[in-house]
Amino acid sequence: MSFSADIITLFPELFPGPLGASVLGRGMGEGLWSLRATQLRDFATDRHRTVDDTPSGGGAGMVLKPDILARAIDTVAPQHDPRPRILMSPRGVPLTQARAHELAVGPGAVIVCGRFEGVDQRVIDARGLEEISIGDYVLAGGEVAAMVLLEAVVRLIPGVLGALDSRDEESFENGLLEYPHYTRPQVFEGHDIPAVLTSGDHKKIAKWRHEQALELTQQRRPDLLARPHGEPVEPRGRAR
Ligand code: SAH
């Protein structure tokens with residue numbers, strides 16, 4: 001069974017968007033993964049197709065109604081559906097490469113995109129929505145966040161990226177940022193490719209790359225190195 005993503009959104013026309021391009025789009029065409037975007041408004045029950053209401057207790061903005069959203073979730077993913085139910089949310093657990101790996105080996109995901117002030121807490125609790133954030137800033141809606149999540153996950157599905165082994169050295173995979181890359185021309189605006197990379201000595205190249213990765217990480221993300229026993233930032237293959 002291939003990875004199947006369901007998106008619940010007020011803007012289904014935004015999908016697949018960037019997820020339909022390049023290797024991800026090709027993977028979709030090959031049936032390695034699938035995507036369906038469902039219009040939340042289709043589950044409204046009144047004449048005006050209302051999906052939101054004013055916040056209880058007062059305040060600015062509108063809140064997505066729990067009854068409408070629950071109906072959408074239950075229709076897209078009935079109770080026995082094994083896929084995790086995710087809500088994109090700035091209050092969520094920050095997305096990591098580790099969570100992306102876990103999702104990529106699973107059956108897929110049902111992803112709710114919030115809008116306005118957010119979602120009634122009762123539907124988050126009642127449907128066990130896992131809140132995931134893509135960073136410490138606030139977007140206007142969950143759609144772009146859902147695309148970020150899916151892009152990170154889908155490229156890890158076996159067969160989606162051609163060169164499998166290019167992944168192991170990527171940023172975050174081994175607790176380090178990636179080393180710098182170079183390609184031809186040999187001289188660019190007076191700057192040479194570092195000689196070691198054209199030396200043909202693979203041991204020396206590997207050592208140089210590791211040193212560069214360490215140095216970059218030290219400079220830019222010392223928090224990644226502050227982990228006990230040089231543990232990878234993201235333990236791989238953790239069962240969930
Ligand atoms: N009032 C909320 C923000 C609502 S933004 C708060 O202060 O927490 C509207 C919607 O955009 C959210 O419901 C969520 O689905 C999405 N969103 C905004 N920022 C996000 C982020 N950093 N990560 C994931 N989703 C985000």
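Buried here means under 20% relative accessible area, with exposed over 50% and partly exposed in between (1.4 Å probe, protein chains only). This is a predicted model, so to speak of local features takes pLDDT of at least 70 and side-chain atom pairs count only at pLDDT 80 or more, while totals for chains, interfaces and linings use all residues. Residues are numbered from 1 along each chain as its sequence is written, and side-chain values use heavy atoms, leaving out hydrogens and water.

**Helix H3**
- With 8 of its 8 residues buried, helix H3 (residues 97-104) is largely enclosed by the rest of the structure; helices (H or I, at least four residues) and strands (E, at least two) are DSSP runs, numbered from the N terminus.
- Among the buried residues of H3 are Arg-99, His-101 and Glu-102.
- The cover over H3's buried residues includes strand S1 (3-9), S5, strand S6 (108-113), S8 and helix H5 (143-154).

**Largest pocket**
- About 660 Å³ of space sits in the largest pocket.
- Its lining counts 35 residues, and Arg-115, Phe-116, Glu-117, Gly-118 and Val-119 are the closest to the pocket's centre.
- A pocket is an open set of points on a 1 Å grid over the protein atoms alone, where a 1.4 Å probe fits, with protein on both sides within 12 Å along at least five of seven lines; lining residues have an atom within 4 Å of a point.
- Strand S5 (85-94) is one of the elements giving at least two lining residues, and its 5 residues are the largest share.

Note on methods
Grid points are joined across faces, edges and corners, and a volume is the space filled by probe spheres set on the points. Contact means heavy atoms within 4.5 Å.
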